[in-house]
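These are my notebook entries on one protein structure. I set down what I looked up, one topic at a time.

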Amino acid sequence: MMTNQDSPAVIDEPRRQDLLGLPKAELAEVLAPHIDRPYRTEQIFRALYERGVTQLDSMTELGKGLRERLGTVFTIATPEIATRSVSVDGTVKYLFRLSDGATIETVDIPDGQRRTLCISSQAGCALACRFCVTGYWGGGRNLTAGEIVAQVLTALQGPNFRLEGVNLVFMGMGEPLLNLEALSKALVVLTEKISRRRITVSTAGIIPGIEAMARWTVRPRLAISLHAPDDERRTRIMPINQKYPLADLMRVLRHYPTEPREKITFEYLLIKDLNDAMADADAVVKLIGNLAAKVNLIPLNPDPVLDPEFQTPPNSRVDAFRRRLMGQGLTATIRKRRGDDVSAACGQLRATDREPRGFRRSNLRF
Ligand code: SF4
């Protein structure tokens, strides 16, 4: 099992403890003084994660008296849906307001029989990647395990609520491996119902976090935001590369445990005339070609707050880049743009009622 050294669960007025995000053993521990039979823990866990119940009073398998008693001590802290924006392609973007007023975004992406939720791990991001609107808006606090899990439950609410079969990608707001304890605890809960193979944690390359993940026994898939094949350009668009340069990152990834046929995904944002040359594709192959790896190419999603010099390459260039990688034996895919009409696409999340605190456009120029 993963370790669960999380910070305390959210306490709301009047200091009721959040039941969301508590792994079963911990749930049993906090409930023990308040329940009449040990099997109540299982009933409550199932109500939360098999039926998506978000009100203690709706857990009718518990007696009314027990529900009322539990309601004085515990809560199920789901976020307020501040806005719900629906794209023409069916993608839904939620702006959630948390109990302290912090805002985050979560994206629900339907794709035929598949459904993928893009989950936030922090209310903002301090890493300031130059192509990312979240980074432009600046840092925010870590989410609790309960707040991470609550995004999933809230986005899936409805008569067909079901966790099994849903894909989760931790590619929303924030750097998940800078919120490792809450992430690990949330994953212990979520992997009770969702296969670890359906969950991807994407990182800008936080080496201590990757090393910690390598020790987990239930590991989600790992994705690395690469975006440039050399330190000089990577540092310019991802300042965190100064702290964790490519040579160190690759050394850790070479020892990262993967199951047979499992591959580490490298996300590569294509920015016109910055990192989309055929020589860059060759450099990517040289960098990662000896790993069990695949590349997901993401044509830049433009946004008014980003540097106007950041342009999307033409489709022909994106296709050529992919062919160049494939020609040298690397699996490469092109990410479909989803939800960009409601600013829900990759790199566009901002939680729009926040004031910008991040870098200014004039600082972005090369
Ligand atoms: S791309 Fe990810 S790590 Fe970089 S600023 Fe945006 S949210 Fe943070």
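Before turning to helix packing, I note that a helix axis is a line fitted to C-alpha atoms over the stretch in contact, and that angles run from 0 to 180 degrees between N-to-C directions. I also note that the model is a predicted one.

**Entry 1: a helix pair.** I looked up how α10 (residues 278-288) and α11 (residues 315-327) pack, and found an angle of about 35° with the axes 9 Å apart. Their crossing is right-handed. I then asked which residues of α10 and α11 meet. From α10 they are Met-278, Ala-281, Val-284 and Val-285, and from α11 they are Ala-320, Phe-321, Arg-324 and Leu-325. By kind, the residues of this contact are seven nonpolar, no polar and one charged.

**Entry 2: the whole protein.** I recorded eleven helices and 13 strands. The radius of gyration is 21 Å, close to the 21 Å that the globule rule gives for 366 residues, so the protein is as compact as a globular protein of that length. The C-alpha trace spans about 70 × 45 × 40 Å along its principal axes. Of the 366 residues, 45% count as buried. Among contacts with a separation of 6 or more, 69% join residues 24 or more positions apart.

**Entry 3: the ligand.** I looked up which residues surround the ligand. They are Cys-125, Leu-127, Ala-128, Cys-129, Cys-132, Thr-134, Gly-135, Met-173, Gly-174, Glu-175 and Ala-204. This shell divides into seven nonpolar residues, three polar and one charged.

Entry 4: Most residues other than glycine have a negative phi. His-227 lies in the loop between β10 (221-225) and α8 (231-237). Is His-227 buried or exposed? His-227 has 25 other C-beta atoms within 10 Å and is therefore buried, as 20 or more are required.

Arg-261 also has a positive phi, of about 75°, and is not a glycine. Its place is the loop between α9 (246-254) and β11 (264-270). Because Arg-261 has 6 other C-beta atoms within 10 Å, it is exposed; the limit for that class is 12 or fewer.

**Entry 5: Glu-42.** I found Glu-42 in helix α2 (residues 39-50). Glu-42 counts as partly exposed because it has 13 C-beta neighbours inside 10 Å. Glu-42 and Gly-146 are 104 residues apart in sequence, and their C-alpha atoms are 18 Å apart in space.

Methods. Residues are numbered from 1 along each chain as its sequence is written. This is a predicted model: local features need pLDDT of at least 70, side-chain atom pairs count only at pLDDT 80 or more; totals for chains, interfaces and linings use all residues. Helices (H or I, at least four residues) and strands (E, at least two) are DSSP runs, numbered from the N terminus. The radius of gyration is taken over C-alpha atoms; the globule rule is 2.2 Å times the number of residues to the power 0.38. Two residues are in contact if their C-beta atoms, placed from the backbone, lie within 7 Å. A residue is near a molecule or strand if its C-beta atom, placed from the backbone, lies within 6 Å of it. Ala, Val, Leu, Ile, Met, Phe, Trp, Tyr, Cys and Pro count as nonpolar, Asp, Glu, Lys and Arg as charged, and the others, Gly among them, as polar. A crossing is left-handed if the near helix is turned anticlockwise from the far one by less than a right angle, and right-handed if clockwise.
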